[in-house]
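Morning, everyone. Please have the sequence and the model open, and follow along as I go.

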Amino acid sequence: MAVSTASTTFTAPTAPVTPTAPVTPTASVTPTASVTPGFSLQGEADGQAMATAALPGLPRALSARARTLAGAVRRRCADLARMESPSGDAPRLDALAEELVAGFEATGAVARREPGPAGDHLVLTWAGEDESLAHLLVVGHHDTVWPAGTLADWPVTEQDGLLSGPGVLDMKAGLALLEGAFALLADLGRRPHRPVRLVVVSDEEVGSPDGKRLVERQLPGAAAVLGLEPPHPDGRLKTARRGSTRVLLTVTGREAHAGLNAAEGTSAVDELVDQLVAVRGLACQPGTELNTGRISGGSRANVIAGRAEAELGLRFATPEAQRRTLDHLAQLTALRPGARVRTEVLSSRPAWPERSGNPLLRHVRSLAAALGQQVDGAPAGGAGDTNIAGARGLPTLDGLGAVGAGPHARHEHIRVDQLAPRIALLAALLAVPLPRLRERPKG
C-alpha cells in the first residue's frame, strides 16, 4: 500500500514483510547509565513483554518497514526545510501549512486550519481502533527562527550522514517523521490504537502567543502529550523544561536638541541602559536566566532619544522563580525625571518540573527495547508547547523529533541514520496501547 504526499511518496514493499532481527542503531543515541528516579529494571522488562505481546510480530514489522521508508522521510525532511517559514511570515507559513495538510491527509488525517494573526495553525485528527479511549495529543510547529532568504547562502545539503539546513532539526524533521509513522501504519493496514490529535502552531518560536490557545483547547481528556521537538543531542527524550517568558521593556523620554537644549530633554536610551543594568541582577536570582535579545531606540545622534525598547528573554527553573521575576519587572519605575517605563509580557510558558517515576517514559523505554533501541530521558533547558501540558501534571514527553544538533545555529542538522529507529518508535507509540499513566483517585 502506498501513501502519497504532495511532494514525497512513502512507498513500502507490496510483498509481506519477512520477520527480521530487531534493528539496533549504528550508534547508541542514549546513555544507559542514567536511570529515571523510581524506575524499576524489572518494570522495564515487564513493559517490554507487554509491548511485544500487545501486537504480536509488530516490532519486527515496524523496524523493517521503517528502514524501507527512511529514504522517503529523509527526502521529505529536505523538501520541508526548503520551504522557508520564518515566524511572522504568514504567506510562507500558510504555503507550508497547505503542504503539511496534503501530506497528513494522505495518511488518513482530517485537517482543520485555524487562522492566526501571523499564519494559520493546524489541528489534525486520526481515528483510533478504539474511539472510546481518551485521545493522544501530539504538538509541533512549522515556523522557524530563520529569516526568508537564508537558503541563498545556506542550502539544504547532506554530507557524511548529516542533513543540514535552516529549520531541518527544529522542527521540519519532526513533522516528517510523524507523517512517516502514520504512513507506516497505513501501509500495514493499521490505525492508531486510540484517537490521535496533532496541533501544529505557526508561532512557537516566538512563544506561541496565539497558538497556545489551540494547545490548551486539546488538553482536556488527553491520555498523554507528546512533543516533536528534537531530543537532546545524544538522543535522550525531554522529561521537563524550564519556563520561558518574553518581556518588552519600553521607555519613553522627552526629545530635545542634543546641543542647544540638552537639559530640556530626557534620554529614553540612557534610561533604558540604566534599567537594563539594574535588571541584569535578576540573572543572579536562583532559578532565573536572562538574555537581552534585542535593543532599539533613538533617531539621530543630535536628538535626545524620546523612545527606546528592549526585548528580554527569561527562563525559569521553577514556577516560584517565574512569579518572583515577573512581579519584579512589573514594578519597575523610572530612574530619572521625565521618563516613563512600561513592561509588557509578550508570551509566557510555565515551568514544567521534573517528576519522579514517569510511567510514560517507562512505556517509551519498553517500546524502544522491543524495537532493539535504547532510549532514556532528561530535563531540558529550552521551553516549548509541551510546557503547557507538563506544568499541569499531564503525562508528557518531548524530544520525539529527529536526532541531531545545532537548533537555531548555522550547523543545525539531523542524523540520517537515526530516522528509521525514530519512525519505528513513533509508529509503536501510536499503535501499542498505553499503560495506566496516572494514579487512580483514592477513596
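Let's start with Asp-160. At 72% relative accessibility, Asp-160 is exposed, because the cut-off for exposed is over 50%. Where does Asp-160 sit? Look in the loop between β6 and β7, which is 162–164. Before I go on, one caution: this is a predicted model.

Now the backbone. Phi of Asp-160 is positive, near 55°, and Asp-160 is not a glycine. Why point that out? Most residues other than glycine have a negative phi.

Ser-208 also has a positive phi, near 55°, in a residue other than glycine. Find Ser-208 in the loop between β8 (196–201) and α5 (212–218). Is Ser-208 buried or exposed? Ser-208 is buried, with a relative accessible area of 1%.

Next, helix α4, residues 168–187. How many of its 20 residues are buried? The count is 20 of the 20, so helix α4 is largely enclosed by the rest of the structure. There is a backbone detail here too. The peptide bond from Asp-170 to Met-171 is cis, with omega near -10°. Met-171 belongs to helix α4. As background, most peptide bonds are trans. After α4 comes Gly-189, with a positive phi near 75°.

On to empty space. How do we look for it? We roll a probe the size of a water molecule over the atoms, and that shows where empty space is left. What volume does the largest pocket have? About 900 Å³. Its lining has 40 residues, and the closest to the pocket centre are Val-145, Glu-205, Arg-315, Ala-383 and His-408.

Which elements build that lining? Several supply at least two residues each, including α4, β10 (237–241), β11 (243–252) and β12 (288–297). β14 (340–349) and β17 (404–405) are also among them. Which strand gives the most? β13 does, with five residues. So keep α4 in mind: the helix whose 20 residues are buried also supplies at least two residues of this lining.

Now salt bridges. A search of the whole structure finds 28 of them. I'll take a few.

Begin with Arg-113. Asp-94 forms a salt bridge with Arg-113, and the closest N and O atoms are 3.9 Å apart. Asp-94 is in helix α3, residues 90–105, while Arg-113 is in strand β3, residues 110–114, so the pair ties together parts 19 residues apart in sequence. Arg-113 has a salt bridge with Asp-120 as well, with the closest N and O atoms 3.0 Å apart. How covered are these residues? Asp-94 is partly exposed, with a relative accessible area of 23%. Arg-113 is partly exposed too, at 33%. Asp-120 is at 16% and counts as buried, because buried means under 20%.

Next pair: Glu-311 and Arg-294. Their side chains meet in a salt bridge, 3.4 Å from N to O. This pair links distant parts of the chain, with Glu-311 in strand β13 and Arg-294 in strand β12, 17 residues apart. Glu-311 counts as buried, at 19% relative accessibility. Arg-294 counts as partly exposed, at 34%.

Two last stops, starting with Asp-153. Find Asp-153 in the loop between β5 (136–141) and β6 (157–159). At 54% relative accessibility, Asp-153 counts as exposed. What joins the side chains of Asp-153 and Arg-410? A polar contact of 3.3 Å.

Finally, a nonpolar surface patch. Which residues make it? Val-269, Val-273 and Val-277, over about 220 Å². Val-269 is in helix α6, residues 268–279. At 31% relative accessibility, Val-269 counts as partly exposed.

Methods: Residues numbered from 1 in each chain as written. Predicted model: local features only at pLDDT ≥ 70, side-chain atom pairs only at ≥ 80, totals over all residues. Heavy atoms only, no water. Patch = residues over 30% accessible without salt bridge, like charges linked within 9 Å, V, L, I, M, F, W, Y side chains within 5 Å. Areas by Shrake-Rupley, 256 points an atom, 1.4 Å probe, with all protein chains shown as cover. Salt bridge = Lys/Arg side-chain N within 4 Å of Asp/Glu carboxyl O. Helix = DSSP H or I, 4+ residues; strand = E, 2+ residues; numbered from the N terminus. Buried < 20%, exposed > 50% of the residue type's maximum accessible area, 1.4 Å probe, protein only. Polar contact = N/O pair within 3.5 Å; in protein donor to acceptor, adjacent residues only side chain to side chain. 1 Å grid on protein atoms, 1.4 Å probe; cavity = no way out; pocket = protein on both sides within 12 Å on 5 of 7 lines; lining within 4 Å. Points joined across faces, edges and corners; volume = space filled by probe spheres on them.
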